[in-house]
Amino acid sequence: MRQYIVEYMGTLVVLVAKLVSDADPLVMGIVFFAVFSITRGITTGYFTPFIPVTGYLLGRMTLEETMYNILAQILAGISAVILFKPVKVFMMDA
């Protein structure tokens with residue numbers, strides 16, 4: 001269970017960085033590398049739903065692992081939008 005919570009948190013950090021930095025490649029590279037380095041050994045570090053599906057199709061992950069990973073990533077996406085909405089409103093007012 002811990003690995004899916006870490007997958008959620010890593011995906012959340014990557015998505016919030018993407019939203020805040022307007023997907024600046026340098027920022028995204030640094031954030032992704034930092035999150036991947038921090039979560040190494042705890043989770044797979046995929047942070048995108050395409051990779052678990054590929055891992056499942058190649059036989060490297062079970063269906064249960066794939067579904068939990070994707071669920072954690074979708075929840076992180078919803079959380080990122082909820083967290084970013086007040087920031088966007090504040091930025092628009094300034």
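## Helix H1

Helix H1 covers residues 2-21, 20 residues in all. From first C-alpha to last, H1 reaches 28 Å, close to the 28 Å expected at 1.5 Å a residue. That expected span is 1.5 Å times one less than the number of residues. Helices here are DSSP runs (H or I, at least four residues), numbered from the N terminus.

The buried residues of H1 are Tyr4, Val6, Glu7, Gly10, Thr11, Leu12, Val14, Ala17 and Ser21. Buried means under 20% relative accessible area, exposed over 50%, and partly exposed in between (1.4 Å probe, protein chains only). Just after H1, Asp22 has a positive phi of about 55°.

## Basis of the model

This is a predicted model: local features need pLDDT of at least 70, side-chain atom pairs count only at pLDDT 80 or more, and totals for chains, interfaces and linings use all residues. Residues are numbered from 1 along each chain as its sequence is written, and side-chain values use heavy atoms, with hydrogens and water left out.

## Aromatic pairs

A search of the whole structure finds 3 aromatic pairs. Phe32 and Phe36 form a stacked pair, 6.5 Å centre to centre with 10° between the planes. Rings of Phe, Tyr and Trp (its six-membered ring) pair if their centres lie within 6.5 Å; planes under 30 degrees apart count as stacked, over 60 as edge-to-face and the rest as tilted. Phe32 and Phe36 are 4 residues apart in helix H2 (residues 25-39), so about one helical turn separates them. Both are partly exposed: Phe32 at 34% relative accessibility, Phe36 at 36%.

Phe32 also pairs with Phe47. Their ring centres are 5.8 Å apart and their planes stand at 90°, so this pair is edge-to-face. Phe32 lies in H2 and Phe47 in the loop between H2 and helix H3 (50-57), so the pair ties together parts that are 15 residues apart in sequence. Phe47 is buried, at 7% relative accessibility. Ring pairs link Phe32, Phe36 and Phe47 into a cluster.

Gln73 is found in helix H4 (residues 63-93). Gln73 is buried, with a relative accessible area of 4%.

What does Gln73 touch, not counting residues up to four places away in sequence? The contacts (heavy atoms within 4.5 Å) are Glu7, Thr11, Tyr46, Phe47, Thr48, Pro49 and Pro52. Among them, Glu7 and Thr11 are buried residues of H1, and Phe47 is buried too.

Conventions:
Helix = DSSP H or I, 4+ residues; strand = E, 2+ residues; numbered from the N terminus.
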